[in-house]
Amino acid sequence: MEIIERVQAMYGWAESQRQAGRRIVLVPTMGFLHEGHLCLVRDGKQRGDRLVVSVFVNPTQFGPQEDFGSYPRDFMRDRDLLENERVDVLFHPSVEEIYPDGFQASIRMERLGAVLCAAQRPAHFPGVATVVAKLFNIVRPHTAIFGEKDYKQLLIIRRLVRDLNFPVEVVGHPIVREADGLAMSSRNAYLSVQERQAAQAVPRALRKAELLVQKGTLEAAPIVAAAKAEIEHEPLVSLDYVKVCDLETLEELDRIRDAALLALAVRIGKARLIDNTVLKR
Ligand code: PAF
């Protein structure tokens, strides 16, 4: 596996692969890899000729009070895991390489940018959209793979590709869960043993909502109330939001027509966790 740290070197590598007619797949990550990331990597291996995984903890998607400084990092472990998966290139740029002096561009989404947690985390999605656009320009992938756990991120990236004509196929990968149903996340590493147990309230809340819909409830209010009750039952978990939303626009719905997204975010100790499920009638 080649480790590339400089943008110029990455351009050169991408150009030579394209000239040789090879399809490049990119899996963008912020490192501290877990089985969820490795599932994306394995998926990526099947989708092209050369696989690039980026490991870059992107400062612009963290708010001033958020955990950029303490975000878990273990580059050596990430490198070994990726080598084991026979990844071709690990792109690991420094912050200065991605945001050189004077950097000031930012990509905002008018409507998608304003839903769910936008009010509490105004800089997050512009930070994500901007860094992903840069990664697309630097790595020049034919295909890029993102997890569906951050559903809003996936929609924003699909929108970015359409609106700004990036010639990239965006693939969403289903949420990868632990045996007890908790969605895999690098931030799960923040949880103490008790908090980890309390976190099971999140998948329980999702299952409760799914069951209600299966039994015929289509009004959003009782579905939200049931999920909320499950979360509020756990004293260690505090709810940021739980919403039933349109699958494309993420606008809140009063009633499910055919399908909708149940999205939720909670705080447990130092961790902010998100999860979602598609509710189908
Ligand atoms: O999902 C993530 O890990 C990050 O938001 C991403 C897409 C790598 C951009 O920094």
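Is R79 buried, exposed or partly exposed, and what is its relative accessible area? R79 is partly exposed, with a relative accessible area of 26%, where buried means under 20%, exposed means over 50% and partly exposed lies in between (1.4 Å probe, protein chains only). The legends below describe a predicted model, in which local features need pLDDT of at least 70, side-chain atom pairs count only at pLDDT 80 or more, and totals for chains, interfaces and linings use all residues. Residues are numbered from 1 along each chain as its sequence is written, and side-chain values use heavy atoms, with hydrogens and water left out.

**View 1. The salt bridge between R79 and D80.** The closest N and O atoms of R79 and D80 are 3.1 Å apart, and the two residues form a salt bridge, a term that requires a side-chain nitrogen of Lys or Arg within 4 Å of a carboxyl oxygen of Asp or Glu. D80 counts as partly exposed at 41% relative accessibility.

**View 2. The salt bridge between R42 and E35.** The side chains of R42 and E35 meet in a salt bridge with an N to O distance of 2.7 Å. R42 counts as partly exposed at 34% relative accessibility, and for E35 the value is 34%, which also places this residue in the partly exposed class.

**View 3. The salt bridge between E97 and R6.** E97 forms a salt bridge with R6, and their closest N and O atoms are 3.1 Å apart. E97 lies in helix α4 (residues 95-98) and R6 lies in the loop between β1 (2-4) and α1 (7-19), so the pair ties together parts that are 91 residues apart in sequence. Helices (H or I, at least four residues) and strands (E, at least two) are DSSP runs, numbered from the N terminus. R6 is exposed, with a relative accessible area of 52%.

**View 4. The setting of these pairs in the protein chain.** By the salt-bridge rule, the count comes to 18 salt bridges. The secondary structure of the protein chain comes to 9 helices and 9 strands, and of its 281 residues 52% count as buried. Among contacts (heavy atoms within 4.5 Å) with a separation of 6 or more, 72% are accounted for by residues 24 or more positions apart. Taken along the principal axes, the C-alpha atoms fill a box of roughly 55 × 40 × 40 Å.
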